[in-house]
Amino acid sequence: MEKKTKSLVFAVMRLCGITAILTAVVIGGTAILSIRALSKSAYVAYETTVDEGYHTEIKSQIQTAMAILRDEYDKFQAGEKTEDQANNDAREIIRNMHYRDDQSGYFWIDGTDGTLVMHSVLEEDEGKNRYLLQDQNGVMITQEIIKVCQTAEKGGFNQFYFTKADGVTVAPKIAYSELFEPWGWIVSTGNYIDDMNREKEDMRTYLDNQYKNVLTSVIVIFLVMSVVALVAAFISGKAIVAPLKKIQEFA
C-alpha cells in the first residue's frame with residue numbers, strides 16, 4: 001500500500017514538474033529568440049543610421065564650404081576684392097576648415113581639368129594635374145569626381161581607396177563633391193569606411209554583450225524556476241495523494 005502511494009506521488013510530481021519545466025522552456029526560448037531578433041534589428045537600424053549620418057555630415061560640410069565660396073565670389077563681384085584675392089582667401093579659409101572631434105575631417109579642391117587647386121593634407125601636390133589619378137582597384141578618382149559634378153545635381157558621392165592622413169594606411173573612402181561653377185572648382189570631403197565600420201563594430205560588440213547578459217539571466221531564472229517547479233510539484237503531489245490515501249484506508 002505504501003509503495004503504491006509513493007508511486008502515485010512520484011507520478012503526480014513528475015507530471016507537474018514536466019509541465020512546469022516545459023512551460024518555462026517554451027517561455028524562456030521564446031523570450032531568447034525575441035531578444036535576439038530585437039538585437040539584430042537594433043543593429044541593422046543603427047548601421048543604417050550611422051551610414052546616413054556620415055553621408056549627411058560630409059554633404060552638409062560641403063554646403064558650408066560652398067557658402068564660403070559664394071560669399072568670397074560675391075565680394076569680388078561687388079568690387080570689394082580682386083578675383084585673385086577672393087579665390088585665394090576662399091582657398092585658405094577652406095584649407096583651415098576641419099571638423100569632427102579629432103579634427104580629422106578636411107577638404108580638397110580640384111579644377112574641372114583635374115588640377116589640384118587646394119588640399120588640406122597634401123599641400124605639396126597643389127598645382128599638379130591629377131586627372132589620371134587612380135586607386136588600387138583602377139578607379140579613376142579625379143575623373144569620377146569630375147563626372148559626378150557634371151550631372152544635373154552638380155555634385156554627388158564617390159567611393160575609392162585613398163591613403164589616410166598618416167601617409168601609410170590605404171582604406172576605402174566615401175567622398176561627396178560639389179561644383180562651384182563661377183571658378184570651375186570642385187570641392188570635396190569624405191569619410192573613411194574603416195572608421196565608420198569601427199563605430200558600427202563597437203555597437204555590435206555592445207549589443208552582443210547585452211544579449212549574452214540577458215541570455216545568462218534567462219538561464220539562471222530558468223534553473224531557479226525549474227527547482228521551484230519540482231519542489232512545488234512534490235508538495236502538490238503530496239497534497240493530491242493525501243485525500244486519496246485516506247479514502248483508500250477508509251475503504
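**Entry 1: the cavity.** I began with the largest cavity, where α3 gives the most to the lining, with 3 residues. Before going on, a note on the source: this is a predicted model, in which local features need pLDDT of at least 70 and side-chain atom pairs count only at pLDDT 80 or more, while totals for chains, interfaces and linings use all residues. Residues are numbered from 1 along each chain as its sequence is written, and side-chain values use heavy atoms, with hydrogens and water left out.

My working rule runs on a 1 Å grid over the protein atoms alone: a cavity is a set of points where a 1.4 Å probe fits but cannot get out, a pocket is an open set with protein on both sides within 12 Å along at least five of seven lines, and lining residues have an atom within 4 Å of a point. Grid points are joined across faces, edges and corners, and a volume is the space filled by probe spheres set on the points. By this rule I count 1 cavity of 30 Å³ or more, and the largest cavity holds about 50 Å³ of space. Its lining consists of Trp108, His119, Arg130, Leu133, Ile141, Thr142, Ile145, Phe160, Phe162 and Lys173. The elements that give two or more residues to this lining are α3 and β3 (155-163). By class I get 6 nonpolar, 2 polar and 2 charged residues, where Ala, Val, Leu, Ile, Met, Phe, Trp, Tyr, Cys and Pro count as nonpolar, Asp, Glu, Lys and Arg as charged, and the others, Gly among them, as polar.

**Entry 2: one lining residue.** I picked isoleucine 145, which sits in helix α3 (residues 141-148). Is isoleucine 145 buried or exposed? Isoleucine 145 has a relative accessible area of 1%, so I list it as buried (buried is under 20%, exposed over 50%, partly exposed in between, with a 1.4 Å probe and protein chains only). Setting aside residues up to four places away in sequence, isoleucine 145 touches Trp108, Asp110, Asn158, Phe160, Ser177, Ile186 and Ser188 (contact means heavy atoms within 4.5 Å). I also noted 8.4 Å between the C-alpha atoms of isoleucine 145 and tyrosine 176, which are 31 residues apart along the chain.

**Entry 3: the whole chain.** I find 4 helices and 5 strands, in the order α-α-β-β-α-β-β-β-α along the sequence. These are DSSP runs numbered from the N terminus, with helices as H or I of at least four residues and strands as E of at least two. Of the 251 residues, 35% are buried.

**Entry 4: the pocket.** The largest pocket has a volume of about 310 Å³. I count 17 lining residues, and nearest the centre lie Arg100, Asp102, Ser104, Tyr192 and Asp195. Strand β5 (residues 185-192) supplies the largest share, 3 residues. The classes come out as 6 nonpolar, 6 polar and 5 charged.

Beyond its neighbours within four places in sequence, tyrosine 54 contacts Arg100, Asn191, Asp195, Met196 and Glu199. Its relative accessibility is 15%, so tyrosine 54 is buried. Arginine 100, in the loop between α2 (83-95) and β1 (108-111), has a positive phi near 80 degrees. Most residues other than glycine have a negative phi. Glutamine 103 belongs to that α2 to β1 loop, and its phi is positive too, about 60 degrees.

**Entry 5: the rings.** Searching the whole structure, I get 9 aromatic pairs. Tyrosine 73 and tryptophan 183 have ring centres 5.7 Å apart and planes at 80 degrees, so this pair is edge-to-face (centres within 6.5 Å make a pair; under 30 degrees is stacked, over 60 edge-to-face, the rest tilted; for Trp the six-membered ring is used, alongside Phe and Tyr). Tyrosine 73 lies in helix α1 (residues 2-77) and tryptophan 183 in the loop between β4 (170-180) and β5, so the pair ties together parts 110 residues apart in sequence. Tryptophan 183 also pairs with tryptophan 185, tilted, at 5.0 Å and 55 degrees. Ring pairs join Tyr73, Phe76, Phe180, Trp183 and Trp185 into a cluster.
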